[in-house]
Amino acid sequence: MQESLTSGFEQCMKCSICTEVCPMMEVNPLYPGPKQAGPDALRYRMLDSSFFDENLKYCLNCKRCEVACPSGVKIADIIASAKLENAHSAHALRDKMLASTDFVGSLASPFAPVVNGVLSLGISKSLLDSTIGVSKHASMPKYSSPKFVSWFKKQQASQKSFGKQIQYFHGCYVNYNYPQLGKAFVSLMNACGYGVSLLEKQKCCGVALIANGQKKQALKNADINLQAIGKANAPVLSTSSSCTLTIREEYGQLLGKDTAPSKEKFHLAVKWLYEQWEKGAVKFAWREDFKMKAAYHTPCHMQKLGYQYYSIELLKMIPGLELSVPEQQCCGIAGTFGFKKEYHELSQKIGSKLFSSLKATGCDYVITDCETCKWQIEAGCSLPVLNPIEVLARALDIEKTKILNNNEE
Amino acid sequence: MKDYDVIVIGGGITGAGVARDCAIRGLRTLLVERADISEGASGRNHGLLHSGARYAVNDSESARECIKENLILRRVAAHCIEQTEGLFISLPEDDPAYRDNFVEQCGKAGIRTQVLSPAQALALEPNINPELTGAVKVPDAAVDPFRLVSANILDARLHGADILTRCEVLDLIKENVTVMGVKIKDMSTGEIRKIHSHYVINAAGIWGAHIARMAGVEISMLPSKGALLVFGHRVCNMVINRCRKPGNADILVPGEVVSVIGTTSDKVPFEQCDRMSVSRAEVELLLNEGAKLVPSLRNTRIIRAYAGVRPLVSDDSDPSGRSVSRGIVLLDHSSRDGVRGFISITGGKLTSYRLMAEMTADLVCKKLSIDKPCRTAELPLPGSDNAKTKCSSLVMKAAEKREGSEVNRMSFEGKGNELVCECEMVGRAEIEYAVKELGVRTLDDLRRRTRVGMGPCQSSCCLDKAAMVLAEILIAEKLSSESGAGELAAALKKEFLQERWTGIVPVCWGEQMAQAEYLRNKYGKCDSTI
Amino acid sequence: MRFDYIIIGGGQGDALLGRELLSKGKSCALICQGRQSGDNSREAFRKAGGCLFMGDSVDKVFYSEDGSRIEALCTENLGSGSLLVADTYILCSGRFFTRGLCSDMDKVYEPVFGADVQFEADPSLWCRSDFFCRQPFEDFGLVCDEGFHALKNGKQIENLIVAGDILCNGQNNIESLCKSL
């Protein structure tokens, strides 16, 4: 009954707006829809847990239903909780693998060039498709060597010299696949006068573990992360919208954890940066030769957090950036969902509206805070995708910014 | 040659049970009911299958009756019953000596009990008042009274009985001191008919006094109103009672996906029995008392309030007419009043309906010199026969929960699997079955049998669809004189909305106020042209 | 964050009013929990340059010392570290369904500012038995002064304007506000 206590399901008026905005409803008649899968079925699951509908596997956890709900019902949480309690995967090994980003990442990263080469071969993709069910049509993310933390170890000493400090929750993506973002983040923070350090310990936030029913591992990771965040003596910043949503919200709503530490200290970097700028604690100077035509995509989890304002306002400060912000759409990847053989086509169908609207802006780059959106958009639009932090770092006149911020010392 | 051996007046649980028992014994049986089945007390109670524990201290005969019947019904009416068990909890202000006596009296009546510590009780039911001083577990259960009545009526029909709903008895046909039949009016067509039988059985609940007067016989009835509240979801899994002398609002029953708290006990005049409504004061009383059992009820969404009238009969042996007859009242008017061909069966409880029917059918058979034994303690009701079912969708599974093995007689292929009421998982196949087999003609009839419109939104969500589907099926089965499904759907909706509204008004605050606004905005601003 | 106007929305016309303000060159933010079927006005507001905080609601209100002015707000999503400040705040949060008005067993109230609400004191008179006629609770709503300022315990909140169907007695001033603001 725990899912019922905080989900607000009693507030549901059955207006069905959630069902209207659900991206899965549009493309898949088998999905019962958020209202039915959530607050409706919850009353029957409370009577008899065998009323769990297997078709809840189609829920993307995009939270668009919650954003649209006028009655404040945590519809996606009700569905996610039901899945955590009841779902059984037909592809247990694959789901475990896709969700175990730390495990797979630490194996793959040391051999990155080989792994990347092999994974991009047609024959390997077909093999993965026919054996464990990873779609041969999906482009696997590239692994990176060295890992971000290996690179960072070499910077640790010099970072301590800054008078002001923040801590960086790098997450799996930055660590195993794309350390460039982490490096851009460090460079940006340094220019603003902040030294960066890592948490005493961090694990994958667990968003994929939760979605793939790996509750035990998700709880373990949550404990480790929350403990480390609790011990932090500086703000803990993340460059990923999904890590931020998971650690600030999902740990409480779905895993029953006390999220006081993360609510107090864990922030999405763009929000924290904007707020420092607003207070006058941080100043920016921009390169005159920076020119970019870009479209900003609000990830669904970012929309749920309500933070897109911060990314957009920061980007708007860059004089050379021509920015358009089309209507928010779901990209369809839903983390590991789009990599699964049986869902890949649905995932592409869902994202097709977004792909068209992004291409229609005529942009050269897409900017977004979510790494899995990045993969989906790169594959779907053939446009390069950057995190706002990367763009800010590129557009920043590092020297001038350092001077502006050092004058505050 | 009479039209029938027996005419039973009243489509509540008593009448339905009598008609079934008579039909099974081969009597040519007709049941007449002026509205739909279970519109009286049978449709306005707790939904509690008593273990009898509640009566153990003050009325051991009723207690014994209840536990015997409880155990029988668990077998023969299995699909109508959820074996929840029950707790009798003692609060700090309740006398522990009462509890000890309670356990002893239960034992004497054959009701098995288990004394629990507060910690044990809270482990079973975390939502009960944490200040409880003790608890006793008893074999209470939850019963869906609509299903129980419906299954009895269906079985009566399957055994050859005729069932006439929406037919009001205008008068009894009498010749000297013998009742020979009934004069009825078909409320849909206005047609008036005379039907003759050897015996007329008055099972009309609180309206039994009115029927008896038609025979020139007086039964002194004391209408006693009981109000109840429905909460939007299942708060506890067991029936929760207060372990003290029976009082107001001391029973909370899980009704599958809702919870029901009740009840009160107030004398009302006969005229009010057809227009029951619940006042805010009654709602407050129910909520305050209920919160003593389960404190979180104060913050639980209330979806509806309703009230019924108990058919209490004053004890024939007391000339003042003020003492209520406990237990079952079977009146053979031939020996009591010199009026032949007429029997009244009243009093009793939902839990003991089968026994009431057995006693009545035994008496009728004796009068008609028919030697057939009662078999209702062994024969399962349709749906409870343990036939194998295979549910390939949740819509089928929900139908199985409601109709038991009768789900095998529904066709879920194609359109049949279409979901009509999302909140209560009712598919088109179940609606079709309810129309063809269970006498459904209006949305309210449908509600009683399938739960359409009984969820928190009180049909806000599915009303358009449900009305249209019902209209289409009624027209296809030639059960409506309307030519267009649209017009019929509009009329069905209007009637249902007004009925649902009656239950929302007394609890219109908080979430239900918002729901009421939504309902009004969606359906209330136009009238019959919706 | 500073704006000329912050609309505490959720009710019909909230984004329409916002667009009107944007067209007059004002900066405008709209905070609203959810949306209604077929209503694209929020997206139109955002496209026109409005700042849309959808799926969010006001958490705390900060008043001046004498309570006559709102100084800042913070929201559930953005947290108490992020203050939203405006010259003028507009309360356009709709009625019971959109939670602009709330009720418990014996009173009706406005949940964000605690603004004065006109309602029938006797709860047994909140509804009529006939479903198809106008219900008394449909006339409950906020009382204001002539300039549509919200009142709190009879005192005006200077920079809080009330808009839309949250007003009592079936009033709806969206059109006139669009002209006058």
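In chain A, the centres of domain 1 and domain 2 lie 26 Å apart, taken over C-alpha atoms. This is a predicted model, where local features need pLDDT of at least 70 and side-chain atom pairs count only at pLDDT 80 or more, while totals for chains, interfaces and linings use all residues. Residues are numbered from 1 along each chain as its sequence is written, and chains are lettered from A in the order in which they are written.

Back to chain A. Domain 1 covers 2-86 and domain 2 covers 292-395; these bounds come from an automatic or database domain assignment. How many residues does each domain put into the contact? Domain 1 of chain A gives 11 residues, and domain 2 of chain A gives 11 residues. Contact here means C-beta atoms, placed from the backbone, within 7 Å. On the domain 1 side, α3 (23-27) and α5 (64-68) of chain A each give two or more residues. Helices are DSSP runs of H or I, at least four residues; strands are runs of E, at least two; both are numbered from the N terminus.

Next, chain C against chain A. Chain C brings 18 residues and chain A brings 15 residues. Strand β3 (residues 51-54) gives the most on the chain C side, with three residues.

Last, C:L91. Which residues does C:L91 touch, leaving out those up to four places away in sequence? They are C:I8, C:F113, C:A115, C:A150, C:L160, C:V162, C:A163 and C:I166.

Conventions: Two residues are in contact if their C-beta atoms, placed from the backbone, lie within 7 Å.
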